[in-house]
Structures are given as C-alpha cells and as structure tokens.
Amino acid sequence: MSFYHDLIIDHYKNPRNFGTLDKPDLVAQEANASCGDLIEFQIKVKKTENRKQKTMINEIAWRGVGCAISTAGASLLSERIRSKEYGVKKIMEMTDENMVEMLGGDISPTRLKCATLSLRALKKALK
Amino acid sequence: MLKGMQTLTKDFPLFKRQINGHPLVYLDSAATSQKPQAVIDSLVDYYQNHNANVHRGIHTLGDESTKMYDSARQTIAEFIGISDKRELIFVRNTTEAINLVVYAWGRNNIGADDEIIVSEMEHHSNLVPWQELVKEKKATLKFIRVTNEGVLDLDDLKEKLSQRTKIVSVAHVSNFLGTINPIAEISKIINEQKTKNKKQKSLLHTPYPLLLIDGAQAVPHMPVNVKDLGCDFYAFSGHKMYGPMGIGCLWGRRKILEAMPPFLTGGGMINTVDFQNTIFTDLPDKFEAGTPDVAGAVGLAEAVRYLQKIGMDKIRQHEVELTKYVIEKLYKIPAFAGQKLGLKIKIFGPTEVEQRGGLIAFTVHVNGKEVHGHDVAQVLDSQGIAVRSGHHCVMPMHDKLGLAATTRISFGIYNTKEDVDRLVKALKKIEEIFEGMA
C-alpha cells in the first residue's frame with residue numbers, strides 16, 4: 001500500500017491553505033471533467049521592492065472537490081508556494097514531474113491528471 | 001455457482017497473471033472482456049495460415065480469407081437471430097455503428113422540424129453523435145426520463161413521441177445503472193405511433209419513427225434476437241463479448257440499409273468507377289469501404305462459438321446469481337450495518353435483479369464522507385481487483401443524480417462468488433485507509 005502513503009492521506013484529510021481569500025487578485029478554476037474533480041486557486045500578488053519589480057505570490061488559498069491525489073496535490077503545492085519565495089516565472093516553469101515528486105514519486109499513469117490538476121489551475125490563474 | 005461455470009477461468013490465459021502480488025479478480029468486463037485462448041488462437045491461425053485480402057485476389061489464400069470472412073458474418077448473424085447475413089455490417093465498435101447510422105441515414109433523413117429521442121441514461125456514444133446531428137440540421141433532441149428507480153418512464157416516451165419523431169435510440173442494457181430496458185415494449189409503443197402517422201396521412205407510408213438499439217452491454221450477457229425485439233438497427237462491439245478489439249457490428253433492416261448512401265467511400269464498396277462517377281456495390285460491402293478487419297471478424301466468430309457452447313441462457317443465469325450475491329453482500333457489510341460510522345455503500349439502478357444486467361455502480365462512504373471512485377479503484381487494484389471508476393461515459397445521468405464519479409463492477413463468464421468475497425474484503429481496506437476523515 002505504498003500509493004496512499006502517510007503524506008498523501010495527511011494532506012487529503014487535513015488540506016492546507018484550504019479556503020478563499022478576501023479580494024484576491026487572481027482566481028482560476030481547473031477541472032478534470034472525467035473525474036468530476038474541480039480546483040480553484042485564489043492568489044494575491046505583490047511586486048518585489050528591488051529594481052527588478054518581480055511579481056511574487058503574497059497569499060494563496062484553494063478550494064475544490066476531488067480524489068485523494070488531486071486534493072493532496074493542491075494542498076502540497078499551496079504549501080510549497082507559501083514556504084518559499086516563489087516568483088510567477090518560477091511557478092510557470094514547474095512541470096508535471098515536480099508534482100509527482102511532491103506527491104512522493106509513486107503516481108501511476110492513469111492518475112497523472114489527478115496529480116497535476118492543481119498545477120494546471122495555478123498556472124491558469126497566473127497567466 | 002452454476003455447474004460447469006467454475007472452470008471457465010482456465011480458458012482465459014490472462015488469469016495466470018498476478019496483479020500487485022495477488023491473483024487477478026477482473027470486474028471490468030463492461031469496459032472490455034478478457035479473451036479466451038480459442039479467440040487468441042483464431043487470430044494467430046488467421047495471420048499464420050490464411051492471411052490475404054478479401055474479395056480481391058484470385059488465388060488460394062484470397063479464397064480462404066474471403067470464405068473465412070463470409071463465414072464469420074454468417075456465424076455472428078445467426079447468433080443474434082438474423083437470417084440474411086447481408087444485413088450485418090462489420091464496423092470497429094458500437095460507437096462507429098451508431099455513427100454510421102447518424103451519418104449515412106441521419107444526414108439524409110433528418111430535417112429542421114424533425115425530432116430524435118434518446119434516453120437520459122445513454123452512453124455518450126449514443127448521445128454525442130445525435131447532438132452533433134441535430135445541431136447541424138437544426139432538429140430537436142428529446143430525452144426519455146429515467147425514474148428514481150433507474151428505469152425508463154415509458155409514459156414519458158409516449159408523450160414525447162409525435163409525427164415529428166424520426167428515430168428513437170436507446171440502450172438495451174445501461175452501462176451505468178445496469179437497467180435492462182424493455183425493448184419489445186418500446187418497439188410496440190413506436191409501432192402505435194407509426195400506425196397513427198399512417199392514419200393521419202400527413203406522412204404517406206411513413207416508416208417512422210425508426211428504433212435503434214445500442215446492444216453493447218446486452219449481446220455478451222443474455223440471449224438476443226434482434227427480430228424479436230422489433231427494432232430497425234442494432235449495434236454492438238466484439239471486444240465486450242470475448243472477441244478482439246477493433247471489430248463490431250451494425251445490423252439494420254435490409255430495405256433501410258439499401259436506401260441509405262454509403263458512410264465511407266473508397267475501395268471494396270464499388271461496382272464500377274469512372275473518372276467522374278461511381279456505382280456502389282450491394283450490401284454489406286457498400287458500408288465496408290477499405291480493407292476490413294478480417295482477423296477481427298474471424299476472432300469474433302470464434303468468440304460467438306465459445307459463447308454458444310456455454311449457452312446464453314446459462315450465462316444470463318450465472319450473472320443473475322452473481323449480481324444477487326454481490327448486492328446481498330454489499331448491503332450487509334458486516335459490523336457496519338445501520339451505523340453512520342464506518343464503511344457504507346450506495347448502489348444505483350433498479351433494485352430487482354431480474355431488471356438488471358451483470359453490473360453494479362456504487363459509491364463508497366467512510367464515516368459519512370464519500371471516497372472518490374478513483375481512490376476506491378486504486379485501493380482495490382492494490383489488492384489485485386480491477387474495477388472501473390469515473391462517469392463511465394454517462395456524464396449527464398451522473399449529473400442528474402448529483403454524482404461526480406462512481407465505482408462500477410461488472411461481471412463476465414469467468415467471475416465467481418469467490419471474486420465477490422475478495423471484493424468485499426478489499427473494500428474494508430478502504431475504510432482502514434480513509435477512516436478518521438471529518
């Protein structure tokens with residue numbers, strides 16, 4: 001039973017950053033119609049104060065319905081974004097493989113779209 | 001268990017495989033069935049010993065191949081009660097069979113004031129092609145209501161039928177609810193409408209409405225005689241009835257098929273061609289442009305012979321028994337019955353087993369929270385049990401029931417009560433993993 005390891009079950013049962021923001025700058029939804037999964041990201045951004053004026057994520061929240069993999073994926077992704085200083089550019093460069101790694105590396109091909117749903121929603125919000 | 005049915009697993013070589021360290025329990029035959037050795041051998045034999053194109057080469061192999069192809073058509077036609085094998089068209093699958101009717105018949109017979117009726121429980125393959133057709137022709141698509149019991153509301157059909165109805169297209173057995181629809185009764189209702197139309201003389205000698213049946217989930221599981229059903233078209237797939245993938249059939253009444261233009265055009269379906277014009281050949285070749293899947297047809301005929309040897313009545317009885325057994329077991333998951341806490345299963349479709357084919361869709365709940373179908377399927381797979389999860393290509397009916405996804409088990413001739421026991425045991429693992437969720 002390596003697939004549903006503790007990390008996934010923990011994030012599924014207690015999703016981090018779950019909810020909505022007050023007056024978010026960016027909102028986007030993404031669905032896996034064939035699973036009935038739906039995830040919405042809400043984001044507030046800020047500009048860095050140095051001369052480069054990079055757009056950074058200030059606050060992040062998400063909500064939605066989904067299976068254990070898509071829920072844990074969104075939770076882990078939001079946690080990762082919060083824990084580091086992530087610029088928009090860096091998020092846009094994230095790959096499906098990054099999501100699989102974040103989820104512990106053991107995702108079967110048929111579940112890949114569950115694992116990557118949150119990343120697609122997040123990228124859509126930042127576009 | 002019916003006598004003689006226990007041993008069928010040994011006819012299917014795939015069951016020698018272990019899945020995630022467990023012997024395979026295959027409960028996804030509604031998606032596709034496993035193949036018996038006899039069918040696999042027939043494919044190998046065709047390619048090893050007889051391979052040649054049909055109806056073309058004047059040489060020994062060409063003759064053999066053509067004979068095998070024709071004889072396969074005869075075997076399959078007889079199996080579903082067709083006396084004239086020219087009425088049986090080989091296609092790739094049920095979806096292609098329905099598209100053939102939509103393109104070749106629908107595009108030439110449906111106009112802006114016409115109506116098409118399907119049911120709310122249709123597989124996308126018997127919905128999307130009609131949606132596209134009515135959009136193109138500015139016609140209207142209506143739906144037979146599905147009752148809370150998961151059966152078709154025939155009074156609703158009577159109300160929706162009118163002089164404008166050109167075709168009614170419904171599933172013989174629902175691949176989601178499991179419902180066996182009363183086709184003979186539906187055909188009777190349609191005939192009453194035909195008589196009414198004739199009397200009003202507004203449509204002189206109208207043959208309408210026609211009746212198309214999607215038999216994908218029926219032909220592998222029960223005796224089917226298309227003439228007794230009183231329909232005009234009947235579509236089914238080979239791969240769900242223990243035959244190869246890539247071969248399926250459309251049966252249609254000869255007069256209707258003859259009046260239809262071809263679906264695809266090209267080689268193999270012509271009498272004469274000059275630089276400007278073509279005279280098409282007769283049935284069934286008119287609808288089989290290009291080199292057909294001869295090996296597929298041969299393999300499907302072998303699957304039919306395999307089924308005939310067991311007997312379709314016996315197969316139906318076997319599946320009724322298994323369905324009864326699994327429903328009993330699922331309702332009675334020990335220690336949790338009557339409590340909100342713990343594992344709960346909700347079953348969809350008719351409660352009467354006699355009204356159901358051998359498939360059951362359900363949702364799994366742990367401590368009152370629904371576990372997603374994909375998670376259910378994955379946990380079962382880790383214990384060697386293959387089931388389907390999702391919307392099973394029946395999204396509108398899932399929407400109507402407020403469901404995003406369900407888990408579906410479906411039986412084949414190789415399934416046993418032990419398979420059901422293993423399923424029930426494996427479902428308890430889901431509770432272990434997902435318990436403690438608020």
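What percentage of the 438 residues of chain B count as buried? In this predicted model, local features need pLDDT of at least 70 and side-chain atom pairs count only at pLDDT 80 or more, while totals for chains, interfaces and linings use all residues. Residues are numbered from 1 along each chain as its sequence is written, and chains are lettered from A and ligands numbered from 1 in the order in which they are written.

The share of buried residues in chain B is 49%; a residue is buried if 20 or more other C-beta atoms, placed from the backbone, lie within 10 Å of its own. Chain B contains 13 helices and 18 strands, these being DSSP runs of H or I over at least four residues and of E over at least two. Its radius of gyration, taken over C-alpha atoms, is 23 Å, close to the 22 Å from the globule rule (2.2 Å times the number of residues to the power 0.38), so chain B is as compact as a globular protein of that length. The C-alpha trace of chain B spans about 75 × 60 × 35 Å along its principal axes.

In chain A, strand E1 (residues 26–32) pairs with strand E2 (residues 37–47) in the antiparallel sense over seven bridges; pairing requires that DSSP find at least two bridges between the strands. Within this pair, Ala31(A) is opposite Leu38(A) of E2(A). Four residues lie between the strands of this hairpin, where Gly36(A) adopts a positive phi near 80°.

E2(A) also pairs in the antiparallel sense with strand E3 (residues 55–65) of chain A, over ten bridges. Here Lys44(A) has Glu59(A) in E3(A) as its bridge partner.

Methods: Buried ≥ 20, exposed ≤ 12 C-beta atoms within 10 Å, placed from the backbone.
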